[in-house]
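Biologist: I'm new to reading models like this one. Could you walk me through a few features?

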Amino acid sequence: MASVAPTEVCLCSSTRCGWAASASDELRGASTAVSHRRRFDHAVPATHTDEAFALLQNPPNAQRTALEGVRYSSSRVVLHTDPTLMPAAAGSRRAWNYGKVQVDGATRCFVTYYLNRLQDFEAGRDHFVTLDPPRRADPETVIREFDYTHPVIDMALRERQDVIHDANEGTQVKPAGSYFHSKRLGPDLIGSHEAAFSAGSEAAAGILREPS
């Protein structure tokens with residue numbers, strides 16, 4: 001049996017990683033947080049498209065087309081224990097809870113995740129994560145607050161899925177993220193953790209399938 005040389009892969013999940021690819025798709029190197037520079041056979045920018053695009057130097061046209069134009073929305077995320085951001089009736093509470101209220105004459109939509117149920121853990125108190133709360137949770141209940149961005153799942157993104165997936169064929173740089181739909185679970189699964197995991201798995205499979 002012929003031996004196969006090990007493949008070195010740079011998995012980049014932050015713009016702090018300074019790798020870059022030229023227009024000819026030659027992977028030139030990567031700098032780490034401790035300022036060491038190394039060469040890698042492949043790179044997987046597991047980031048949002050705008051962050052991945054910022055890391056590329058003169059990307060191939062196929063990747064430019066795939067990465068440009070994906071829109072993102074910002075969300076305020078609060079980890080808390082305030083039950084008033086959940087349905088009032090405890091029996092109506094689900095793992096995902098969608099809410100819509102009127103605030104100053106405008107409709108505000110939000111989602112609250114019931115973590116105890118969603119992640120199947122036991123605790124002395126109920127824990128929740130609310131995206132874009134229509135009002136502030138009780139400060140005594142707030143554990144952490146974050147700002148996140150998520151891809152906007154519109155028809156344009158759905159229609160570009162073939163272009164997005166094809167852009168990773170035969171390249172040393174293979175972006176991955178939740179803007180890919182899951183081939184295994186279907187085109188409706190975009191924008192989720194499962195979609196991002198699927199994209200990373202596809203990138204890894206491509207690296208193993210293609211010669212270095």
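Modeller: Two strands pair if DSSP finds at least two bridges between them. Mind that this is a predicted model, where local features need pLDDT of at least 70, side-chain atom pairs count only at pLDDT 80 or more, and totals for chains, interfaces and linings use all residues. Residues are numbered from 1 along each chain as its sequence is written, and side-chain values use heavy atoms, with hydrogens and water left out.

Biologist: How many bridges join strand E6 to strand E9?

Modeller: In general, strands of a sheet pair through backbone hydrogen bonds, either parallel or antiparallel. Here E6 (residues 72-80) and E9 (residues 128-131) run antiparallel, joined by four bridges. Leu 79, for instance, has Val 129 in E9 as its bridge partner.

Biologist: What is the strand order of the open sheet?

Modeller: The five strands go E7-E8-E9-E6-E10, with antiparallel pairing. E7 (96-103) and E10 (142-151) are the edge strands, each pairing on one side only.

Biologist: And how do I read aromatic pairs?

Modeller: A pair of aromatic rings is described by the distance of the centres and the angle of the planes. Rings of Phe, Tyr and Trp (its six-membered ring) pair if their centres lie within 6.5 Å; planes under 30 degrees apart are stacked, over 60 edge-to-face, the rest tilted. The count here is four aromatic pairs. Among them, Trp 96 and Tyr 113 are edge-to-face, at 5.1 Å centre to centre and 85 degrees between the planes.

Methods: Helix = DSSP H or I, 4+ residues; strand = E, 2+ residues; numbered from the N terminus.
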